[in-house]
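Here's a walk through a structure, one region at a time. Keep the viewer open and follow along.

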Amino acid sequence: MELKGIDKEILQKIEESELTLENIAVSTVTELIDMIKISEKDAKKLLSAAQNELGIQPVTALQFLESERKRGKITTSSTEFDGILGGGIWTQELTEVAGGFGSGKTQLCFQLCINVQLPFDEGGLDGTAFFIDTERTFSPKRIIEMATSRGLDVESILENIYISSAVNTHHLFSIVDSLAETIQEKNVKLLIVDSFASHFRSEYIGKERLVERQQKIMQIAEELVALAVKYDLAVLVTNQIIANVEEFLFGSPEEPALGFAWAHRPQQRIFVRKSRGSSRIARLFDSSRMPEREALFYVTESGLTDAPFSSDFYT
Ligand SMILES: Nc1ncnc2c1ncn2[C@@H]1O[C@H](COP(=O)(O)OP(=O)(O)OP(=O)(O)O)[C@@H](O)[C@H]1O
Ligand SMILES: [Mg+2]
């Protein structure tokens, strides 16, 4: 563990006590004195260093605005889509993309795995992507197709996408639990879970298991947000849709799966649907920052685009 302004000796004691940074940040000064056997002065210093590190110290609204401006965004490759998101997919938060079969969720994920690697001035974060695949839909062939059509170095693009297949929710938890090191070592700036919903929906069936499912979903959502904040990366998960029995709640005959417990977790919620030909409509429907708006984009051979090639438009 490293902490700005904290002596090696104290860091050593922390390591011996097996406390995490999070444990420290939520402790009181007295608890820290007790647990680590340090002076009151050191405990106070340690507490504020840990809270600083995790970004949980209060800031003014002006400082907040400044840090929002500096936050990284990954372009979707569609100007209109980026527009409704305030510049693209943001770091330090959890974004959900919900939509039906073939709506373009996975295509968006692939595009972002490429775009996160672009330099900052081209809408990227000069980082790598970590793709947790629950449905075995990851397609290197499709990445090659997208990267080639944009004139990118295909080999380097492929080398900077890490893939892990999660076979069930238990496995998903263990992958997420062990990510911190890889994130730092490989400069991961985008973490994807595609699809987030599938294992939860297939493993926790029936009303008796609903509470357990909700708890698991909330727990992993919390872990994902913590990773996003701590390591300044964008986390994007895909969700399926289900028929909406109470239409007034979501204002449409379909709504994202996983229910209410999940619904408040992502900071940005996007709904994608198919439109004519290769066109798709993205709707940002729940955001703490941006108004509810729709954007038109296209899924073509070269990936996500603003305007389609004429042949794509008529297919
Ligand atoms: N090589 C390609 N060229 C053009 N369009 C493609 C290509 N590959 C996929 N697409 C488009 O993307 C669609 C599939 O989208 P995608 O796989 O992202 O769906 P999804 O939302 O992830 O669906 P699911 O819920 O089944 O996972 C295809 O139906 C097609 O319209
Ligand atoms: Mg998919």
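**A walk from loop to ligand**

Let's start at Lys37, which counts as partly exposed because 13 C-beta neighbours sit inside 10 Å; with C-beta atoms placed from the backbone, a residue is buried if 20 or more others lie within 10 Å of its own, exposed if 12 or fewer, and partly exposed in between. Before going on: this is a predicted model, where local features need pLDDT of at least 70, side-chain atom pairs count only at pLDDT 80 or more, and totals for chains, interfaces and linings use all residues. Residues are numbered from 1 along each chain as its sequence is written, while chains are lettered from A and ligands numbered from 1 in the order in which they are written.

Lys37 sits in the loop between H3 and H4 (helices are DSSP runs of H or I with at least four residues, strands are runs of E with at least two, and both are numbered from the N terminus). Its phi is positive, near 60°, in a residue other than glycine. Asp232 also has a positive phi, near 50°, and lies in the loop between helix H13 (210-230) and strand S7 (234-239). Most residues other than glycine have a negative phi, and most peptide bonds are trans. On the peptide side, look at the cis bond joining Asp194 and Ser195, with omega about 0°.

Now follow the chain into H4. This helix has 14 residues and reaches 20 Å from its first C-alpha to its last, close to the 20 Å expected at 1.5 Å a residue (the expected span is 1.5 Å times one less than the number of residues). Ala43, Leu46 and Ala50 are its buried residues. Seen down the axis of H4, they fall within an arc of 65°, so they line one face of the helix; the arc is that of the directions from the helix axis to the C-beta atoms. They pack against helix H1 (8-17), helix H2 (21-25) and helix H3 (29-36), where contact means C-beta atoms, placed from the backbone, within 7 Å. Just after H4, Gly55 takes a positive phi of about 70°.

Last stop: ligand 1. It is surrounded by 13 residues, the closest being Phe101, Gly102, Lys105, Thr106 and Gln107 (near means a C-beta atom, placed from the backbone, within 6 Å). Helix H7 (105-115), helix H8 (140-149) and strand S12 (293-300) each supply at least two residues of this shell, and H7 gives the most, with three.

Terms used: Contact = placed C-beta atoms within 7 Å.
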